[in-house]
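Visitor: Hi, could you walk me through this one? I'd like to go through it bit by bit.

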Amino acid sequence: MTTLALRRPDDWHLHLRDGAHMAAVLPFTAARFARALVMPNLKPPMTTTAALGEYRARILAALPEGADFEPWMTLYLTDSTPPDEIRRARDSGFVLGAKLYPAGATTHSDAGVTSIENTWPALEAMAEHGLVLQVHGEVTEPEVDVFDRETAFIDRVLTRILERVPGLKVVFEHITTAAAAEFVRSARGGLAATITPQHLLLNRNAIFEGGVRPHHYCLPLLKRERDREALLAAATGNDQRFFLGTDSAPHARHTKEAPCGCAGIFSAHAAIELYAEAFEQAGRLDRLEAFASERGADYYGLPRNEQRISLSRERWTVPDHYPFGDDELVPLRSGTSLAWRVVPA
Ligand code: DOR
Ligand code: ZN
């Protein structure tokens with residue numbers, strides 16, 4: 001096969017940042033995806049519908065001429081998000097849900113939730129108003145091994161959310177383990193999961209290949225090969241509950257190549273191409289469209305996109321870095337070649 005045409009995909013988990021950084025990365029996503037769910041972990045965090053509305057307007061204003069791209073937003077959940085804010089979010093027409101960052105779990109999560117007990121009023125309001133909870137599924141207790149934090153989150157927090165608020169839809173974001181995929185399959189209806197390209201293509205050896213590799217550091221961390229294989233089986237299988245969310249998370253090069261480097265892998269420059277590579281490895285390019293362009297829209301109750309995109313089997317080399325405001329950005333697979341290229345419409 002030399003070309004692959006599919007319904008235009010959506011990215012259900014994306015970090016765009018703001019200002020010049022946003023302007024630098026947004027064109028990559030808008031060239032590939034029709035819609036994205038934009039994460040709210042900015043400084044300050046996007047805790048109100050009003051702030052999200054202004055942020056969304058800045059995104060629309062930063063789009064390249066002629067781009068056809070729709071940003072969807074999610075509220076940054078805190079210990080004190082009032083049920084009224086949930087109602088305002090629903091009424092806005094551009095907010096799909098709220099994002100649970102356990103406080104301290106990841107980049108800009110310090111204003112996040114310190115105890116799930118504090119969120120029951122907001123979560124109940126979300127169930128009532130039909131908003132979806134997006135979850136960063138890792139516990140933050142320092143004594144828990146960093147590779148076990150997702151599994152501990154399932155036992156200590158996620159199970160309780162699903163039981164306590166039965167009507168709530170929950171997306172377990174960027175799952176990284178075989179255990180998480182298994183949990184999603186066995187859980188009550190309404191639970192789904194996104195999977196990133198890096199967790200389909202790499203295992204944790206990639207963080208330490210010949211030396212420490214800061215550009216392979218993201219949270220949750222890459223896991224074992226058997227976890228990668230389980231995620232690839234979930235993504236390329238028939239189960240509607242697994243869909244695309246890149247978690248593309250740009251950071252300036254100097255903040256990653258540092259004594260205490262930031263977590264986040266930038267993949268927007270080649271997101272659908274990277275997924276195509278993973279699906280091809282699994283011999284399931286035929287399932288890419290369902291994963292990338294159908295299941296997420298169906299889950300969120302939005303129409304599937306009508307436009308199409310094409311990929312051609314054409315090797316190209318990813319640049320060593322891209323401009324990122326006054327900084328530069330090192331993309332996933334920098335300096336190496338990729339098998340698929342998006343053909344301009
Ligand atoms: O690696 C990550 N980077 N994980 C997250 O949860 C946040 C993200 C970011 O915003 O940089
Ligand atoms: Zn994220």
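**Salt bridges, zinc and a helix**

Guide: Happy to. Arg-284 is partly exposed, at a relative accessible area of 28% (buried is under 20%, exposed over 50%, partly exposed in between, with a 1.4 Å probe and protein chains only). Before we go on, this is a predicted model, where local features need pLDDT of at least 70, side-chain atom pairs count only at pLDDT 80 or more, and totals for chains, interfaces and linings use all residues. Residues are numbered from 1 along each chain as its sequence is written, chains are lettered from A and ligands numbered from 1 in the order written, and side-chain values use heavy atoms, with hydrogens and water left out.

Visitor: Okay, which side chain does Arg-284 meet in a salt bridge?

Guide: That of Asp-286, at 2.5 Å from N to O. The rule for a salt bridge is a side-chain nitrogen of Lys or Arg within 4 Å of a carboxyl oxygen of Asp or Glu. Asp-286 is exposed, with a relative accessible area of 53%.

Visitor: Why would such side chains pair?

Guide: In general, side chains of opposite charge can pair when their charged atoms come close.

Visitor: And how many salt bridges does the rule give?

Guide: The count is 24. There is also a network of salt bridges linking Asp-84, Arg-87, Arg-90 and Asp-91.

Visitor: What does Arg-253 pair with?

Guide: Its salt-bridge partner is Glu-328, at 2.8 Å from N to O. Arg-253 sits in helix H9 (residues 253-256) and Glu-328 in strand S12 (residues 327-329), so the bridge ties together parts 75 residues apart in sequence. Helices here are DSSP runs of H or I with at least four residues, strands are runs of E with at least two, and both are numbered from the N terminus.

Visitor: How accessible are those two, Arg-253 and Glu-328?

Guide: Arg-253 is partly exposed at 28%, and Glu-328 is partly exposed at 27%.

Visitor: Changing topic: which residues hold the zinc ion's protein donors?

Guide: For the zinc ion (ligand 2) they are His-13 (NE2), His-15 (NE2) and Asp-247 (OD), at 2.0 to 2.1 Å from it. Donors are N, O and S atoms within 2.8 Å of the metal (3.2 Å for Na, K and Ca), and water is not among the atoms, so sites may look incomplete. The spacing of the donor residues in sequence is H-x1-H-x231-D.

Visitor: Where do His-15 and Asp-247 sit?

Guide: His-15 is in the loop between strand S2 (10-14) and helix H1 (19-32), while Asp-247 is in the loop between S9 and H9, 232 residues apart. Both His-15 and Asp-247 are buried.

Visitor: Now helix H8. What span should it have?

Guide: Its twelve residues, 225-236, should span 16 Å at 1.5 Å a residue, and the end C-alpha atoms are 16 Å apart, which agrees. The expected span is 1.5 Å times one less than the number of residues.

Visitor: Which H8 residues are buried, and what do they pack against?

Guide: Among the buried ones are Asp-227, Arg-228, Leu-231 and Leu-232. The elements they pack against include helix H6 (178-186), strand S8 (191-195) and helix H11 (288-300).

Visitor: Last one: is Asp-239 buried or exposed?

Guide: Asp-239 is buried, with a relative accessible area of 17%. Asp-239 lies in the loop between H8 and S9. Leaving out residues up to four places away in sequence, Asp-239 touches Arg-185 and Arg-295, where contact means heavy atoms within 4.5 Å.
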